[in-house]
Amino acid sequence: MSYDELVTLQANGWTAQVAPECGGRLFSCQAEFGGAMREVLVPVPLGLPREQAIRNAGCYPLVPFSNRIAQGQFRHNGNDVRLAAHPLGAPHAIHGIGWVRPWDVDTENERAVTMRLDVPAGEWPWAFTAEQTITLDPGGLTISMLVTNRSSTPMPCGMGFHPYFPRPAGTRLRARVRDHWLVQPDRIPHGTERALGRFPLDGTKVLTTGLDDGFSGWNRRARLDYADYSIALTATPGLDHLVVYSPESAPLVCVEPVSHVTNAANLPFAARQAAGWREIAPGGSWLESMHLSVLPPRR
């Protein structure tokens, strides 16, 4: 990677670097707080080969679905959809299309950039356009995504964002959720259980490693508390499911606002809507966003 490929935003004490060609990914984000620049996201290391550098860093869009679709297959309105497996999720399809394709820059200035991804009908049988806007506003950073169905038939869809946050020693996470997704060994859910008290998500316990869990009934607010500052995340109403990933292999945590339960596309039709799986009418659009801010640490 080189700096020449990045769009740099600077405003209100915040700096962000965006890589449109690399899946529309936010490569880095820092905010001035308490007299120092604080890392809001784990930055992508530019000195490494691209595929290695982006593995556990930045933030990328999840569209037209989040997380896994079992075996890369589902059926919708009589259409049998077969998607290629990705090495990170094989034998399943994972995280959609947007994160592995180059995006075009529509508009940019020092505070904001809008990127566009036009996807023709193909392996994903519906043509659609995704527009992702990253904005530095007075309160922090906002990422919004607008998905438009350019096909003549209704398109199933999900979306979300996949940010990688720092997880230094002593990190605490506060996120109010209702249900935990019970999963098989291949990470495909097979039911739910009440989440209350089962996970270190109340902001009082140090965040543990080994988490790779999905939740429903999220109130669309989360907060990461560090020694010297905190990061607050809020999401719009359509992103009311949450995935938390805290690996043992790296000092990071993903707190992912998403629209639907993993593999919702393969639920019985009546259950899909309750699980957050949507349909966009021909010519219709769907807009969601995520906002990040930096706050004083919680004592």
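The largest pocket in this predicted model has a lining of 26 residues. R55, Y60, L88, W99 and Y164 are the lining residues nearest its centre. The space in the largest pocket comes to about 590 Å³. Sorted by class, its lining holds 11 nonpolar, 7 polar and 8 charged residues.

I turn now to the second largest pocket, which contains about 400 Å³ of space. Here 20 residues form the lining, and R174, A175, R176, L201 and D202 lie nearest the centre. Two or more residues come from each of β16 (172-175), β19 (202-206), β21 (221-225) and β22 (230-235). The class division for this second lining is 10 nonpolar, 3 polar and 7 charged.

My last topic is the aromatic residues. A pair of aromatic rings is described by the distance of the centres and the angle of the planes. The model has 8 aromatic pairs. One of them joins F74 and W124, with 5.9 Å from centre to centre and 45 degrees between the planes. Where do F74 and W124 sit in the chain? F74 belongs to strand β7 (residues 73-76), while W124 lies in the loop between β11 (112-119) and β12 (128-137). The two are 50 residues apart, and the pair thus links distant parts of the chain. Both F74 and W124 are buried. They also belong to one aromatic cluster, together with F65, W126 and W277.

Note on methods. Residues numbered from 1 in each chain as written. Predicted model: local features only at pLDDT ≥ 70, side-chain atom pairs only at ≥ 80, totals over all residues. Heavy atoms only, no water. Phe/Tyr/Trp six-rings, centres within 6.5 Å; stacked < 30°, edge-to-face > 60°. Helix = DSSP H or I, 4+ residues; strand = E, 2+ residues; numbered from the N terminus. Buried < 20%, exposed > 50% of the residue type's maximum accessible area, 1.4 Å probe, protein only. 1 Å grid on protein atoms, 1.4 Å probe; cavity = no way out; pocket = protein on both sides within 12 Å on 5 of 7 lines; lining within 4 Å. Points joined across faces, edges and corners; volume = space filled by probe spheres on them. Nonpolar A, V, L, I, M, F, W, Y, C, P; charged D, E, K, R; others polar.
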